[in-house]
Amino acid sequence: IQADGTDGNCVTFVLHDEDHTLGNSLRYMVMKNPDVEFCGYCITHPSESKINFRIQTRGALPAVEPFRKGLNDLMGVCQHVLNTFEVRLSWRAPG
């Protein structure tokens with residue numbers, strides 16, 4: 001959903017079957033980008049499992065770019081945690 005009167009730098013993404021777990025983590029990753037002016041999310045209703053995730057960027061940067069980068073960065077962090085866990089788990093002596 002693109003805000004009226006913008007060039008794609010202010011967009012609300014609707015994420016279905018998601019909640020605070022993804023919303024807060026993704027918001028943190030997106031806000032690390034200095035070109036992002038605002039990033040926030042809200043749960044539409046407690047009985048619905050979707051969130052509205054809004055990004056507003058500075059200048060001409062399309063909001064979809066930091067959204068995509070935030071998702072990729074979050075996947076990288078999750079993969080690192082999983083790899084570290086698996087290494088530590090296999091390092092333990094049985095018994």
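Predicted model: local features only at pLDDT ≥ 70, side-chain atom pairs only at ≥ 80, totals over all residues.
The chain has 95 residues, and buried residues make up 25% of them. Its secondary structure comes to two helices and three strands. Along the sequence these elements follow the pattern β-α-β-β-α. Strand S1 spans 10–16, helix H1 20–31, strand S2 36–43, strand S3 50–57 and helix H2 64–91. Among contacts with a separation of 6 or more, 54% join residues 24 or more positions apart.

The three strands form an open sheet. Their order in the sheet is S1-S3-S2, and the pairing is antiparallel. S1 and S2 stand at the edges. Each has a single partner strand, so one side of each is left without a neighbour in the sheet. Neighbouring strands are turned by 15° against each other on average, with direction ignored.

The pairing of S1 with S3 can be followed residue by residue. Seven bridges join these two antiparallel strands. Valine 11 has isoleucine 55 of S3 as its bridge partner. Histidine 16 stands opposite lysine 50, which is also in S3. Although S1 is an edge strand, five of its seven residues are buried. S1 is therefore largely enclosed by the rest of the structure.

H1 lies across S1, S2 and S3. The direction of H1 is at about 175° to that of S2. H2 also lies across S1, S2 and S3. The angle between H2 and S3 is about 120°.

The largest nonpolar core holds 14 residues. Within this core, Leu26, Val30, Phe53, Ile55 and Phe67 touch the most other members. The elements that give two or more residues to the core are S1, H1, S2, S3 and H2. Phenylalanine 67 shows how these parts meet. Leaving aside residues up to four places away in sequence, Phe67 touches Phe13, Leu15, Leu26, Val30, Phe53 and Ile55. Ile55, one of these contacts, is the residue that bridges to valine 11 in the sheet.

Aromatic rings were examined next. A pair of rings is described by the distance of the centres and the angle of the planes. A search of the whole structure finds two aromatic pairs. One is formed by phenylalanine 13 and phenylalanine 67. Their ring centres are 4.0 Å apart, with 5° between the planes, and the pair is stacked. Phenylalanine 13 lies in strand S1 and phenylalanine 67 in helix H2, so the pair ties together parts that are 54 residues apart in sequence. Both residues, Phe13 and Phe67, are buried.

Another pair is formed by phenylalanine 53 and phenylalanine 67. This pair is tilted, with 5.9 Å from centre to centre and 50° between the planes. Phenylalanine 53 sits in strand S3 and phenylalanine 67 in helix H2, 14 residues apart, and the pair links distant parts of the chain. Phenylalanine 53 and phenylalanine 67 are both buried. Phe13, Phe53 and Phe67 together form one aromatic cluster.

Charged residues were considered last. Side chains of opposite charge can pair when their charged atoms come close. The structure holds two salt bridges. Glutamate 65 forms one with arginine 68, and the closest N and O atoms are 3.4 Å apart. These two residues are three residues apart in helix H2, so about one helical turn separates them. Glutamate 65 has 37% relative accessibility and counts as partly exposed. Arginine 68, at 44%, is likewise partly exposed.

Aspartate 73 forms a salt bridge with lysine 69. Here the closest N and O atoms are 2.7 Å apart. Aspartate 73 and lysine 69 are four residues apart in helix H2, and again the separation is about one helical turn. Aspartate 73 is partly exposed, with a relative accessible area of 29%. Lysine 69 is partly exposed too, with a value of 45%.

Note on methods. Residues numbered from 1 in each chain as written. Heavy atoms only, no water. Core = buried A, V, L, I, M, F, W, Y, C linked by side-chain atoms within 4.5 Å. Buried < 20%, exposed > 50% of the residue type's maximum accessible area, 1.4 Å probe, protein only. Contact = heavy atoms within 4.5 Å. Pairing = 2+ DSSP bridges. Axes fitted to C-alpha atoms, helices over the stretch in contact; angles between N-to-C directions. Salt bridge = Lys/Arg side-chain N within 4 Å of Asp/Glu carboxyl O. Phe/Tyr/Trp six-rings, centres within 6.5 Å; stacked < 30°, edge-to-face > 60°.
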